[in-house]
Amino acid sequence: MPELPEVETIRRDLEPLVSGRRIVAVEIDEATLPLLAGATTPIEMLRASLAGRTITGLGRRGKYLLFGLDDGRTFVAHLRMTGRLLWRDSEAPPEAYERGRIVLDDGHDLRWSDLRKFGTWRVMDNVTPLFEKLGPEPIDDDYSARYLRQAFKGREAAVKSVLLDQEKVAGLGNIYVDEALFEAGVRPESRAGALGDAAVKRLAVTTREVLLRGIEHRGASFRDYVDGQGNEGRQHMYVKVFRRTGKPCYTCGSEIQRTVVGGRATHYCPRCQRFPRRRSKPA
Ligand SMILES: [Zn+2]
């Protein structure tokens with residue numbers, strides 16, 4: 001599933017290509033439309049909102065891509081599980097699992113391909129309500145150990161679950177959370193509220209670092225993710241625990257273990273990652 005580094009890579013790729021371009025047409029596969037745009041949105045409404053508009057810029061918040069439109073509205077796209085947004089020559093053959101396309105005025109399309117069809121499109125007058133539900137991003141200036149300590153305070157939930165909660169911390173998903181917990185030496189099942197100061201400080205640093213490294217490596221392509229031009233990222237070659245079950249830890253040689261936390265497959269080193277000392281009971 002695309003997380004912050006993958007969505008940011010797509011944003012950086014597409015921004016210079018789509019900014020200033022006018023949308024000339026919008027095509028969506030009929031069966032996909034209710035899933036993509038909501039059960040009550042007819043295609044005419046999406047077309048009326050997008051066709052004829054000029055894209056003023058491409059932003060991102062959490063895992064949302066935000067296309068600014070020249071009427072002040074915002075086209076908001078979320079890739080969810082298997083969504084892809086690809087910049088293609090209009091003459092290029094259709095993508096695998098192509099569900100829709102946004103035709104631009106320069107002979108290119110933005111192709112929407114989505115195997116599982118969980119992706120979403122919205123045109124919003126005001127994106128503030130969407131943003132209010134999202135916590136700070138670890139790469140933001142207002143993200144800190146102090147903020148994280150506050151978010152963890154009194155929480156019985158596993159630290160991994162709290163870090164995955166987009167309302168607490170935006171942009172982290174399964175891959176980067178497992179990596180950040182490994183680098184901080186924290187067991188994913190630890191009760192968030194029981195973490196000591198030093199562990200919280202380390203997590204504030206590692207959550208930021210793993211995302212920056214993910215961006216530097218243009219995202220992780222374990223399965224479906226590709227960038228805005230259809231190329232794979234490289235971050236999956238640099239992971240230390242994610243999907244390395246049974247392989248030796250690069251630090252201590254112990255076998256990487258797999259467990260399930262909050263319904264999510266979770267990978268960790270049993271030796272390098274510890275429960276909080278005072279309260280050793282897992283969440
Ligand atoms: Zn280890």
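## A bridge to start from

The side chains of Asp-13 and Arg-218 meet in a salt bridge, with 2.7 Å from N to O. A salt bridge here is a side-chain nitrogen of Lys or Arg within 4 Å of a carboxyl oxygen of Asp or Glu. The structure holds 25 salt bridges. Helices (H or I, at least four residues) and strands (E, at least two) are DSSP runs, numbered from the N terminus.

This is a predicted model, in which local features need pLDDT of at least 70 and side-chain atom pairs count only at pLDDT 80 or more, whereas totals for chains, interfaces and linings use all residues. Residues are numbered from 1 along each chain as its sequence is written, and side-chain values use heavy atoms, with hydrogens and water left out.

The chain is divided into domain 1 (4-132) and domain 2 (145-268), with bounds from an automatic or database domain assignment. Their C-alpha centres lie 28 Å apart. Each domain brings 20 residues to the contact, which means heavy atoms within 4.5 Å.

About 1,600 Å² is buried between the two domains, and carbon and sulfur atoms give 58% of that area. Buried area is the accessible area (1.4 Å probe) that two parts lose on being put together, summed over both. Between domain 1 and domain 2 the count is 1 salt bridge.

## The domain 1 side

On the side of domain 1 that touches domain 2, helix H1 (4-18) and strand S5 (83-89) are the elements that give two or more residues. H1 gives the most, with 10 residues.

Strand S9 (residues 257-261) and strand S10 (residues 264-268) pair in the antiparallel sense over 5 bridges; strands pair if DSSP finds at least two bridges between them. Val-261 stands opposite Arg-264 in S10, and the bridge partner of Gln-257 is Tyr-268, also in S10. The hairpin has 2 residues between its strands, and Gly-262 takes a positive phi near 55 degrees.
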